[in-house]
Every structure is written in C-alpha cells, then in structure tokens.
Amino acid sequence: MTTLAVALISVGGTLSGTLGGAVLSQRASRADALEQNQPADREREQKRDEQTLQAKRDLYAHLNTAARAYRVAARDAVEAAERGESADPALLDNAKEAWAEQYSQAQMALVKDVLQVASALNRSLRIGYSVVKQLPNSPDFDEACQRAKAWFSRPLSDGVYLLRVTLRHDLGVEVDPHFAQTRTQMLAGLDGARDNLARLLATERAQTTEPSAST
C-alpha cells in the first residue's frame, strides 16, 4: 500500500508539473503574442490618426480655395461691369456652386467655432452674389460699383482671411492665445457690415420696384 501510495503521489506530481508547465507556457505565449501585436496596433492607430488628419487638411484646403475663388469671381464681375464689359456669368455661378458644395460637406465635420466663422462667411458671400446680380439695376450705377468694390476689398476679404486663419488654428498650424477674442471681434465686424449692405440692397430693390408697382 505504501509503495502504491508513493507511486500515485509521484504520478500526480508529474501530471501537475506537466499541466502547470503547459499553462505557464500558454500564458507566456499569449503574453509574447500581445507584446508582439502592440507595435502593430499602435502603427494601425497612428495610421488611422494620420489619415483622419489628412482628410481634415484636404477638407479645409478645399473650403479655403472655394471661398477665395468665389470672392474673386464676384469682385472681377463688378470690375468688369464698371469698365462696361460683359463678364461670363458662368464663372461666378460655377464659383458659387463650388463653394456651396464644399460648405455643405464642411458643415458635417467642422467644430463649433470653425462652423460659426464658415457660416458667417457663407451669408456674406451670398450677399456678395446679390450685389453683383443687382448691380445693373442700381439707381446710381457708379455709387453701386464703388460700394460693391469696397465690400469685396474690405469686409468680405477680411471674412475670407478670418476663415483661413481659423482653419489654421484648428489644425494647430498657428497658435495665438488671444485668437478667440480676435475671431469674435472680426466676426462682429463682418456681421455688421453685411447687415448694413443687406439693408441698402433692400432699399434699392424697393426703389426700383415702386414705379412699376404704381403703374
């Protein structure tokens, strides 16, 4: 009996040692696999972050380009009208559509502060489009041309600049601790100039329609 007991204990110890070694070996293998996978996981995560950032850069670049092209096309149309030349209306309409497409895409991706600037500029560009379309019917053509050129050269130009700087700050390309205050001030200036221009255009439209309405 003693001999049998010793044999059983020896077998049990051997089995326990074998099983324990197998478990430890499996754990070590899993640990090694996890350790080997960590660099690959980090690389994939880094690649995803880089792709996301590049997509953001592309979106911002296209938005900035479309805004500038829209403003330039409208300004050129005003200058052509002042010279008595006929500008191709398709140039302005194409620029308008290109901006609308980029702005529509950006609305789904922009953070609140950036969207606020883009929205203000979108409203301002629409007013600029109205300026060009209303120019031929203005009661005082020369005055209307000067007003239009002033709008495209100053407030709207500042608005396009503000969008570009805001996008660069959001990307981390520019860092200015006081930019939030500057952005607020520039937005207020753009909104005020746009509202004044909108009132003037509405007054002109009313003046041009009054004679026809009375007849």
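Is Leu115 buried, partly exposed or exposed? Leu115 counts as partly exposed, because its relative accessibility is 25%. Buried means under 20% relative accessible area, exposed means over 50%, and partly exposed falls in between (1.4 Å probe, protein chains only).

This is a predicted model, in which local features need pLDDT of at least 70 and side-chain atom pairs count only at pLDDT 80 or more, while totals for chains, interfaces and linings use all residues. Residues are numbered from 1 along each chain as its sequence is written, and side-chain values use heavy atoms, with hydrogens and water left out.

**Overall build**

- The protein chain has six helices and zero strands. Helices (H or I, at least four residues) and strands (E, at least two) are DSSP runs, numbered from the N terminus.
- Along the sequence, the pattern reads α-α-α-α-α-α.
- The protein chain has 215 residues, and 28% of them are buried.
- Take the contacts between residues at least 6 apart in sequence: 79% of them join residues at least 24 apart. Contact means heavy atoms within 4.5 Å.
- The protein chain has an accessible surface of about 13,700 Å². Carbon and sulfur atoms account for 53% of that surface. Such areas come from the Shrake-Rupley method with a 1.4 Å probe; for residues, only the protein chains shown count as cover.

- Leu115 sits in helix α3. Not counting residues up to four places away in sequence, Leu115 touches Gln107 and Leu110.
- Leu115 and Leu163 are 48 residues apart along the chain, and their C-alpha atoms are separated by 9.4 Å.
- Ser119 is also placed in helix α3. Ser119 counts as buried because its relative accessibility is 16%.

- Val160 belongs to helix α5. With 5% relative accessibility, Val160 counts as buried.
- Val160 is in contact with Ala67, Arg68, Arg71 and Leu121, leaving aside neighbours within four places in sequence.
- Val160 and Asn64 are 96 residues apart along the chain, yet their C-alpha atoms are separated by 7.6 Å.
- Thr166 lies in helix α5, which covers residues 155–171. Thr166 is buried, because its relative accessibility is 3%.
- Thr166 touches Val114, Val117, Phe179 and Arg183, not counting residues up to four places away in sequence.

- Rings of Phe, Tyr and Trp (its six-membered ring) pair if their centres lie within 6.5 Å; planes under 30 degrees apart count as stacked, over 60 as edge-to-face and the rest as tilted.
- The partners are Trp99 and Tyr103, and the pair is stacked: 5.6 Å centre to centre, 15° between the planes.
- Both residues lie in helix α2, four residues apart, about one turn of the helix.
- Trp99 is buried, because its relative accessibility is 2%. Tyr103 is buried too, with a relative accessible area of 9%.

**The largest pocket**

- Rolling a probe the size of a water molecule over the atoms shows where empty space is left.
- The search uses a 1 Å grid over the protein atoms alone: a cavity is a set of points where a 1.4 Å probe fits but cannot get out, and a pocket is an open set with protein on both sides within 12 Å along at least five of seven lines; lining residues have an atom within 4 Å of a point.
- The largest pocket holds about 210 Å³ of space. Its lining has 14 residues, and the closest to its centre are Ala77, Ala81, Ala87, Pro89 and Val132.
- Helices α1 (2–82), α2 (89–107) and α3 (112–134) each give two or more residues to this lining. α1 gives the most, with four residues.
- The pocket lining has ten nonpolar, one polar and three charged residues. Ala, Val, Leu, Ile, Met, Phe, Trp, Tyr, Cys and Pro count as nonpolar, Asp, Glu, Lys and Arg as charged, and the others, Gly among them, as polar.

**The cavity**

- There is one cavity of 30 Å³ or more. Grid points are joined across faces, edges and corners, and a volume is the space filled by probe spheres set on the points.
- The largest cavity holds about 30 Å³ of space. Val131, Gln134, Leu135, Ser138, Ala144, Arg147, Leu201 and Glu204 line this cavity.
- Helices α3, α4 (141–153) and α6 (179–214) each give two or more residues to the cavity lining.
- The cavity lining divides into four nonpolar, two polar and two charged residues.
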